[in-house]
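Subject: Structure handover and notes

Hello,

Please find the structure below. My notes on it follow.

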Amino acid sequence: MGDACGIGPEIIARLWQRDTSRDAVVVGDPAVLRRAVACVGGGLAVAVLQGLHELHRVPPRCLPVWRPEGLPAGLVDAPLGRVDARAGAAAARCIEAAVAEVQAGRARAVVTSPIHKEALHAAGSPYPGHTEMLQALAGGVPVRMMLANEELRTVLVTIHCALRDAIERVTRQNVLETLRITGAALRRMGVAAPRIAVAGLNPHAGEGGLFGDEEIRHIAPAIADARAEGWDASGPYAPDTVFMRARRGEFDVVVAMTHDHGLIPVKYLGVEQGVNVTLGLPFVRTSPDHGTAFDIAGRGVADPASLGAALAMARRLTGPA
């Protein structure tokens with residue numbers, strides 16, 4: 001359900017209002033979801049499940065909710081639009097429980113609503129976000145973030161860290177690992193021979209070393225390594241133009257060095273259809289491409305389109321039930 005104080009519960013309720021998802025269960029707090037249903041105008045009953053196996057018993061026009069053990073008491077009293085440690089703790093517990101269900105074979109995928117990193121920190125979580133938590137729950141496997149919509153896919157070499165730290169993490173090995181993960185993921189998505197464009201780190205991709213030499217020392221050698229392994233990787237290209245080329249169909253995906261380099265172009269095209277996919281995990285995980293939107297939480301105006309796209313992507317990646 002995401003952060004109880006954000007828009008996650010209400011976009012779930014809004015999505016079920018429009019199209020009752022017969023193959024999905026909400027992992028969360030029933031009282032929080034009842035509040036969310038009321039926020040978006042009602043029309044749904046909350047069906048409390050003892051486990052995911054009870055989904056087939058849920059009648060139409062019901063929102064199926066499974067409350068895992070360990071959620072904080074009084075969560076529904078956490079104020080909307082505010083950072084609250086209880087909400088952070090609940091969000092983390094719901095993620096842990098959902099991942100455990102997938103790992104046990106009782107579910108096919110995890111679709112996460114937005115969490116708030118400050119609330120997660122306030123609850124004592126050591127993770128800066130979803131991606132790092134999921135990586136730990138999966139045993140520390142190498143993972144990468146991909147943001148995708150109908151026009152553009154981008155994958156990031158570095159994710160949630162300070163920009164000065166991100167630059168230090170742009171290494172030959174990290175870039176090569178990203179290219180491998182990206183290529184393998186796109187093949188699983190049905191792209192037989194993925195065309196991977198690699199964006200540079202510096203303006204004009206370093207302009208031959210005039211504006212920085214990371215392209216020469218790390219990025220270009222990683223591309224050469226990937227090509228030697230059979231991947232159709234090319235670059236490094238100037239970051240300010242490569243996304244346009246990909247959008248026109250020249251490439252299947254762009255690998256970007258830093259968080260904002262890669263995500264701004266996709267989000268500029270519209271957050272309504274953007275989907276975040278965690279690559280490298282041994283299970284499917286998707287999410288909307290927006291945050292908790294504390295400024296509008298509780299007003300019933302949040303758009304569930306990106307959550308719907310994330311649910312559709314999870315179905316597409318896992319195949320028919």
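Which helices and strands do the buried residues of helix 5 pack against? Helix 3, helix 4 (117-122), strand 5 (144-148), strand 10 (275-279) and strand 11 (284-288) are the elements they pack against. The buried residues in question are His130, Thr131, Glu132, Met133 and Leu134. Buried here means under 20% relative accessible area, exposed means over 50%, and partly exposed is in between (1.4 Å probe, protein chains only). Helices (H or I, at least four residues) and strands (E, at least two) are DSSP runs, numbered from the N terminus.

Before the rest, the conventions. This is a predicted model, in which local features need pLDDT of at least 70 and side-chain atom pairs count only at pLDDT 80 or more, while totals for chains, interfaces and linings use all residues. Residues are numbered from 1 along each chain as its sequence is written, and side-chain values use heavy atoms, with hydrogens and water left out.

Helix packing

Two packed helices are described by the angle between their axes and the distance between the axes. For helix 3 (residues 85-103) and helix 5 (residues 130-137), the axes come within 11 Å and cross at roughly 40°. Axes are lines fitted to C-alpha atoms, for helices over the stretch in contact, and angles run from 0 to 180 degrees between N-to-C directions. Helix 3 and helix 5 are therefore oblique to each other (under 35 degrees counts as roughly parallel, over 145 as roughly antiparallel, 65 to 115 as roughly perpendicular, and the rest as oblique). The crossing of helix 3 over helix 5 is right-handed, a term used if the near helix is turned clockwise from the far one by less than a right angle, with anticlockwise giving left-handed. Helix 3 contributes Ala92, Ile95, Glu96, Val99 and Gln103 to the contact, and helix 5 contributes His130, Met133, Leu134 and Leu137; contact means heavy atoms within 4.5 Å. By type, these residues are 6 nonpolar, 2 polar and 1 charged (Ala, Val, Leu, Ile, Met, Phe, Trp, Tyr, Cys and Pro count as nonpolar, Asp, Glu, Lys and Arg as charged, and the others, Gly among them, as polar).

The axes of helix 1 (residues 8-18) and helix 2 (residues 30-39) come within 8 Å and cross at roughly 60°, again in a right-handed crossing. Pro9, Glu10, Ile12 and Ala13 of helix 1 meet Val32, Leu33, Ala36, Val37 and Cys39 of helix 2. That contact has 8 nonpolar residues, no polar ones and 1 charged.

Backbone

Histidine 204 is partly exposed at 45% relative accessibility, whereas alanine 205 is buried at 13%. Glycine 235 and proline 236 are joined by a cis peptide bond, with omega about -5°; proline 236 lies in strand 8 (residues 232-237).

Other residues

Asparagine 276, in strand 10, is buried at 8% relative accessibility. Leaving out residues up to four places away in sequence, asparagine 276 touches Met145, Met146, Leu147, Arg285, Thr286, Ser287 and Pro288.

The whole structure has 0 disulfides (a disulfide is a pair of cysteine sulfur atoms within 2.5 Å). For cysteine 62, the closest cysteine sulfur is that of cysteine 39, 19 Å away and too far for a bond. Cysteine 62 is buried at 9%, while cysteine 161 is partly exposed at 23%.

Regards
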